[in-house]
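Welcome! Take a moment to turn the model around on your screen before reading on.

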Amino acid sequence: MGFSLEELRIEIEAGTIDTVVVAITDMQGRLQGKRLHGQFFLDEVVANATEGCNYLLAVDVDMNTVDGYAMSSWSSGYGDFVMRPDFDTLRRIPWQPGTAMVLADVEWLDGTGVAASPRQILRRQLARLAEHGLTAYTGTELEFILFNDSYEQAWSRGYRDLTPANQYNVDYSLLGTARVEPLLRRIRNEMAGAGLVPESAKGECNLGQHEIAFRYADALRCCDHHVVYKNGAKEIAAQEGVALTFMAKPNAREGNSCHIHFSLRSADGSAAMAAGGHLSSVGEHVLAGLIATMRDFSVLYAPNVNSYKRYQPGSFAPTALRWGRDNRTCSLRLVGHSPDSLRVENRTPGGDVNPYLAVSAMVAAALHGIENELTLEPECTGNAYEDGDAARMPSTLREALGAWQASENAVAAFGADVVAHYANNATVELAAFDAAVTDWELFRGFERL
């Protein structure tokens, strides 16, 4: 991060930093935690950590307590777990005056890990990968849609009749993106101040849609950067009186994707998935494992009811479980023009994804392919949307939940407790959706039925 605990101590004593945010990532991929007075953080939390209610990993998106979780419930009293800071993630937060942030791992009071915590799930998958002498590197590409309305105005309007920051498709348009460059520039620069490495910003297809890209990193650090950026971009937008959304499919136009670039390196730092600019046998096993487990693990790539509405033919969101070289119609796109840059881009996740869970799924899939020496099917060279023989992504969360619950691969990779925990999360979301009366139903049936 380039920011040490000793540097934090100096800045707190000098008065330039007075607040330290301790944050964990919840099931929905959101940062949750506390703002601590700087001196208290140094005096107490550095040595002893801090605590939070264990319901943070057992609630829905509205923070409602819900039934069905083994780790946290009314019957067990909704006690605390420990948020133990990972000081490798310590960083300044330029968009909040006098503030630093540290991400935390989650433990029970006896020091054991919380199995359902997304960051711990990824740590376990990376440890499994390390047993093979391999390290995963990833990059996440988040898209968002920007509106000129504030978050409060959007809420009050029921998220209807909002004004997008651009009135036309600004994909790669320098003129169109110049309209919102002050905000994009502020996000890029302040993320750099928080230890991320910004690369570029570009317009996208939907009205007001943009993407800011950051440099890849080892998998854990990449996911840490992802959640800091996603939370920070919303905070900066709010400060500017506008709103942006990472929702997978906020309207009938193009949805927000989160393409995940994935590669492996051997212990000597060489590219394990490449051989002379082409896929190595390890690379072929990785892609085969990804294809073989994509449906089973889709609740980790597409966790919400809305997620599945991205998957439309001709939308640049994939439907067919195929791979191809530089082929954007496939769920897995092989990219990179040199051995060191060869990687696979998973195009299935949307902007609503929890990065720790999605990358955990990719690591587990890679291990499934490597350990079983799976054979890679021939590449798709045409339009994968029209491939009638290809397996498909689930079309609904309900279908994805069924695949997850029936999956021996999921239990083998993540454990029965984690499978049950995230199955319950999907069940809760489906129950809430099934009980809701939508605008579509009102317009269709209020008068005419």
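Here is a short briefing, going from the whole chain to single residues.

This is a predicted model, in which local features need pLDDT of at least 70 and side-chain atom pairs count only at pLDDT 80 or more, while totals for chains, interfaces and linings use all residues. Residues are numbered from 1 along each chain as its sequence is written, and side-chain values use heavy atoms, with hydrogens and water left out.

**The whole chain**

- The chain has 14 helices and 17 strands; helices (H or I, at least four residues) and strands (E, at least two) are DSSP runs, numbered from the N terminus.
- With 449 residues, a compact globule would have a radius of gyration near 22 Å, and the chain agrees because its value is 22 Å. This radius is taken over C-alpha atoms, and the globule rule is 2.2 Å times the number of residues to the power 0.38.
- Along the principal axes, the C-alpha atoms fill a box of roughly 65 × 60 × 50 Å.
- Of the 449 residues, 56% count as buried. Buried means under 20% relative accessible area, exposed means over 50%, and partly exposed is in between (1.4 Å probe, protein chains only).
- Among contacts (heavy atoms within 4.5 Å) between residues at least 6 apart in sequence, 72% join residues at least 24 apart.

**Surface and charge**

- The chain exposes about 19500 Å², and carbon and sulfur atoms supply 51% of that area. Accessible areas come from the Shrake-Rupley method with a 1.4 Å probe; for residues, only the protein chains shown count as cover.
- The chain has 38 positive and 57 negative charges, and their mean positions are 5 Å apart. Lys and Arg count as positive and Asp and Glu as negative, while His and the chain ends are not counted. The place of a charge is NZ of Lys, CZ of Arg, CG of Asp or CD of Glu.

**A hairpin to find**

- Strands β1 (residues 19-25) and β2 (residues 31-37) run antiparallel and are joined by 7 bridges; two strands pair if DSSP finds at least two bridges between them.
- Look for Ile 24, which stands opposite Gln 32 in β2.
- The hairpin has 5 residues between its strands, and Gly 29 takes a positive phi near 85° there.

- Asn 425 lies in helix α13 (residues 416-435) and is buried, because its relative accessible area is 9%. Leaving aside neighbours within four places in sequence, Asn 425 is in contact with Met 27, Gln 28 and Tyr 69.
- Asn 54 is in the loop between β3 (50-53) and β4 (80-85), and its relative accessible area of 5% makes Asn 54 buried. Beyond neighbours within four places in sequence, its contacts include Met 71, Tyr 78 and Trp 108.
- Ser 407 sits in the loop between α11 (397-405) and α12 (408-414) and counts as buried at 4% relative accessibility. With neighbours within four places in sequence set aside, Ser 407 touches Asp 296 and Phe 297.

- Most residues other than glycine have a negative phi.
- Ala 49 has a positive phi near 65°; its place is the loop between α2 (38-48) and β3, and at 10% relative accessibility Ala 49 is buried.
- Glu 373 has a positive phi near 50° and lies in the loop between α10 (355-371) and α11. Is Glu 373 buried or exposed? Glu 373 counts as exposed, because its relative accessibility is 57%.
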